Every structure is written in C-alpha cells, then in structure tokens.
Amino acid sequence: MVMLPTGWVIEKDGELLAAGFLYIASNAPVGCLEYVVTNPDNAPRDSYKALDLLLKEIMKFAEYSLLVSVFGRMSQDSLARMYEKHGFVVGDSVKDVVWRKD
C-alpha cells in the first residue's frame with residue numbers, strides 16, 4: 001500500500017512559516033499527521049500563529065475528507081498543547097495524539 005501525503009505550507013509575504021503533512025489510509029477513514037515544522041527564523045509569535053492556522057486548515061480538510069480519526073506523534077509539550085487546542089487528546093509520554101470526529 002502506498003500512502004502519499006497531502007501537504008500544507010503557511011507563508012506570509014513570501015516567507016515560509018510552517019508546513020505539515022497528512023497521510024490518509026486508503027482502506028480506512030484514518031489519517032496520520034506528520035512532519036509539522038516551523039521556520040527556525042520565525043519569531044515565537046509568528047510560529048504560534050502559523051501552527052494554529054496550519055492545524056486549523058489540516059483539520060478542516062480531515063473533516064471534509066470524512067476522516068473519523070487523525071493521529072500524530074511528538075515529544076514537544078508545547079506542540080502537544082497546540083494539537084489539544086485543535087481537538088486532539090494527548091496519550092503517553094511520547095505524545096501520541098488522536099483527533100476523532102464526534
């Protein structure tokens with residue numbers, strides 16, 4: 001099975017601020033959110049706003065795609081909090097997060 005991602009890039013005035021990819025299983029309404037990154041040259045506030053917009057748009061796409069669950073993994077507490085803001089639930093210490101459409 002080949003899973004190619006759908007990707008998003010957030011930019012402002014031609015400057016790349018953040019990016020992320022959603023892999024969608026071909027045989028189940030499940031997605032995996034991976035490689036969410038920000039530009040290391042961003043001001044902290046710009047990274048926060050870019051990540052917030054990025055996750056908002058990815059999760060909107062997940063809903064439009066009729067996904068019932070999206071998961072991801074991370075080790076950063078601050079990123080886990082941002083995911084929680086967008087409906088994810090944090091799991092174990094590796095920060096497994098799962099979003100599920102109610």
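Helix H1 comprises 21 residues, which at 1.5 Å a residue should span 30 Å, and its end C-alpha atoms are 30 Å apart, in agreement with that expectation. The expected span is taken as 1.5 Å times one less than the number of residues. The model is a predicted one, in which local features need pLDDT of at least 70 and side-chain atom pairs count only at pLDDT 80 or more, whereas totals for chains, interfaces and linings use all residues. Residues are numbered from 1 along each chain as its sequence is written, and side-chain values use heavy atoms, with hydrogens and water left out.

Helices (H or I, at least four residues) and strands (E, at least two) are DSSP runs, numbered from the N terminus. The buried residues of H1 are Ser47, Ala50, Leu51, Leu54, Leu55, Ile58, Met59 and Ala62. They cover an arc of only 155° around the axis, which puts them on the same side of H1; the arc is that of the directions from the helix axis to the C-beta atoms. An α-helix has 3.6 residues a turn, so residues three or four places apart point the same way. On the other side of H1, Arg45 and Tyr64 are exposed. Here buried means under 20% relative accessible area, exposed over 50%, and partly exposed in between (1.4 Å probe, protein chains only). The cover over the buried residues of H1 includes S1, S2, S3, S4, H2 and S6, contact being defined as heavy atoms within 4.5 Å. Just after H1, Leu66 adopts a positive phi of about 65°.

Six strands form an open sheet with mixed pairing, in the order S1-S2-S3-S4-S6-S5. Strand S1 (6-12) and strand S5 (89-90) stand at the edges, each with a single partner strand, so one side of each has no neighbour in the sheet. Two strands are taken to pair if DSSP finds at least two bridges between them. Strand S3 (residues 30-38) and strand S4 (residues 69-72) pair in the parallel sense over four bridges. Gly31 has Val70 in S4 as its bridge partner.

Helix H1 (residues 44-64) lies across S1, strand S2 (15-24), S3, S4 and strand S6 (97-100), and runs at about 30° to S2. Helix H2 (residues 77-85) also packs on the sheet, where it touches S3, S5 and S6, and its direction makes about 130° with that of S3. Axes are lines fitted to C-alpha atoms, for helices over the stretch in contact, and angles run from 0 to 180 degrees between N-to-C directions.

The buried residues of H2 are Leu79, Ala80, Met82 and Tyr83. They cover an arc of only 160° around the axis, which puts them on the same side of H2. Their cover includes S3, H1, S5 and S6. Just after H2, Gly87 takes a positive phi of about 100°. Gly91 is located in the loop between S5 and S6 and is partly exposed, at 48% relative accessibility. Gly91 and Ala80 are eleven residues apart along the chain, and their C-alpha atoms are separated by 9.7 Å.

The structure holds two aromatic pairs. One of them, Trp8 with Phe61, is edge-to-face, at 5.2 Å centre to centre and 70° between the planes. This pair links distant parts of the chain, with Trp8 in strand S1 and Phe61 in helix H1, 53 residues apart. Rings of Phe, Tyr and Trp (its six-membered ring) pair if their centres lie within 6.5 Å; planes under 30 degrees apart count as stacked, over 60 as edge-to-face and the rest as tilted. Trp8 counts as buried at 15% relative accessibility, whereas Phe61 is partly exposed, with a relative accessible area of 28%.
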